[in-house]
Each structure stands twice: as structure tokens, then as C-alpha cells.
Amino acid sequence: TTFLPKYFEIQYSVSSSLASYLIGAVTVPAAALGLLLGGITLFVFKRLTVERLALCVFILTLIEVLAPPLFLLGCSSIKVAGVNVNYQNSTARTDHLINSMNVSCFSNCACTSNLYHPVCSEGVTYFSPCLAGCPHEVDANGYYSNCSCLNRDVLASEGECLDDCTIQIVISCVLFFAAVTIIFYNTIPFLKLTLRCVADKDRTVALGIQSFMLRLFGQLPGPLVIGVIFDFNCILWEETDCGTRGACLEYDSLSLKYSIIVIIFIAVSLSSFLFFLAWISWKCRKIREHGAKD
């Protein structure tokens, strides 16, 4: 959940505050509902054997493999002049020091790339009015005119060129609610399975080891891996006053989307495989025990 608000902000062109609100409004109720339903299910089916309980956990984890496709939703990637689309009559592109490009339309403007002040024109975002060849003054309606990097009589407006993603946001929130509910629904059966697989005297140790393994292989490397993926899919970096790379200003949302899907699919598939091995192992153990009794 660390990067989910950031992901929503990038994919659906919303503010940081709205992205955080959406994630919180969806995740908290969905998690509570999943835990409640998981507890009720085990209360109703309290006589489930360990083998059947392990099979149920495996099936629920297998269902979670269907969660990554919900990340296919989102808006189209933002088009930034000189980064992922060309300036007119120029093929120069860069992901850093954008004002170092040899683009004639703003070459005499003494532009700087230290301050990201985007303007939008014809679906293309420009780093700043200066880098769009626009004069610093805006007209009475708040538009920039007479921009040398734009077509004649074409205006530029303040801000990035963003799509209206309202429908995608609603659909994504509904699907995300369902996915989180299923994930937390599996929490209580997973916990009970852990307790029933070990002797009574070893239960506290088992829970401790389980908690340690979850943090060691999940909560610790997870944010690091996702952070690297975010950085890898950055298409425009901020330039600090010292000339070093700062924060990421724009991401390739399409590439980021597919990268996240691949990582989640690998993680969930590995989890499903391990639960499958646990189920098979317990089943084989019972077969051996019955064979020894006979």
C-alpha cells in the first residue's frame, strides 16, 4: 500500500490528496469486510480438516492471481515535448537537462529546467511556457499566445494535458475493493491453518516465524522493488540547482502499469505455488500415517 496512492495519482491523473483519499476509502472497508467474512466462514465451517483448510487457502490464493489485470485500467501516458514526443521540426529528446537540447524555437529564450511549470497545447505538455516558446504574459482568459514552438494561432493553457478518467477511476475502485476483500478474506483461514499444522506447544513459535518471514520476504523488499520500478519508468527528472537529478516529474504510465502487473503476478503465483506444496505435503503426510497404521 506504500506506493498505491502514487500509482493512482500517475495512472488516473488525480491529485496526491485525492489519490490518498481513494485508497484509504477503498482499502480500509474492504480489509475489514474481508476479515469479517473470513472469520464468519471459519465459524460456520469449524470442522474443516487441515487438508481441506489448506486446499481452501490454496484456492483463495489462486484466485488472487486474477487481481493483477485490474491494473490494466488507467489513462493514457502524458505526452511531454522533447521527452516522449518530438518538438516540431526536431527529433531531439532527453530525460534530463531538457533545455540543453538544440531546438530552434526556444534556443534564444534563455530557458531553465530548474522549475517545472507545465503548459498544455493540443494534447502535448511542455516543460514550461519558455520551453514552449511562449512569452511570459498570459491573455485575459489565462492562455499563452504567440508561442514559437506551437502551430500558428494555437494557444497554450496552464498545467499538464490530462484526460478525464472518471469512469476508469470508478471501475478501478470497485475492482480494487473486491481484490482487497478477497486478500484479507484469506487472512483468517491462513492464520488458523498455521495454528493447526503445529503442536499446541509450538504455536507461539510458529506465529513468530510466520510474522518474521512475511516481513523478511514481503514488507522489507517489497517497497524497495516497487520504488526501483517507479524510478525505472520515470521519463522526466527534475534538475536541481546543483545540476544533479532530483525527483521524478513525469512517468511512463503504460510501462509502469505493465511492470507492476508482472511483479504482482510473479509474487502471487509464487505464493500460490507454496500453498499448493503445503497442501500436497500435508496430504502425503496423512497418507503415510494411514499406511503406517495399516
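This is a predicted model: local features need pLDDT of at least 70, side-chain atom pairs count only at pLDDT 80 or more; totals for chains, interfaces and linings use all residues.
Helix α7 covers residues 221-232, and its 12 residues reach 16 Å from the first C-alpha to the last, close to the 16 Å expected at 1.5 Å a residue. Seen down the axis of α7, the buried residues fall within an arc of 160 degrees, so they line one face of the helix. These buried residues of α7 are I226, G227, I229 and F230. On the other side of the helix, L224, V228 and F232 are exposed.

Mean pLDDT for the protein is 80, with 91% of the residues at 70 or more. Helix α2 has the highest confidence, at a mean of 89, whereas helix α3 (residues 50-63) has the lowest, at 76.

Turning to α2, which spans residues 16-44, this helix includes V44. V44 has a relative accessible area of 53%, over the 50% cut-off, and is therefore exposed. V44 also contributes to a nonpolar surface patch of about 670 Å², together with L33, L36, L37, I40, F43 and F45.

Along the chain, C248 and L277 are 29 residues apart, and their C-alpha atoms are separated by 42 Å.

Note on methods:
Residues are numbered from 1 along each chain as its sequence is written. Side-chain values use heavy atoms; hydrogens and water are left out. Patches are made of residues with over 30% relative accessible area and no salt bridge: like charges are joined within 9 Å, nonpolar side chains (Val, Leu, Ile, Met, Phe, Trp, Tyr) within 5 Å. Accessible areas come from the Shrake-Rupley method with a 1.4 Å probe; for residues, only the protein chains shown count as cover. A salt bridge is a side-chain nitrogen of Lys or Arg within 4 Å of a carboxyl oxygen of Asp or Glu. Helices (H or I, at least four residues) and strands (E, at least two) are DSSP runs, numbered from the N terminus. Buried means under 20% relative accessible area, exposed over 50%, partly exposed in between (1.4 Å probe, protein chains only). The expected span of a helix is 1.5 Å times one less than its number of residues. The arc is that of the directions from the helix axis to the C-beta atoms. pLDDT is the predictor's confidence in each residue, from 0 to 100.
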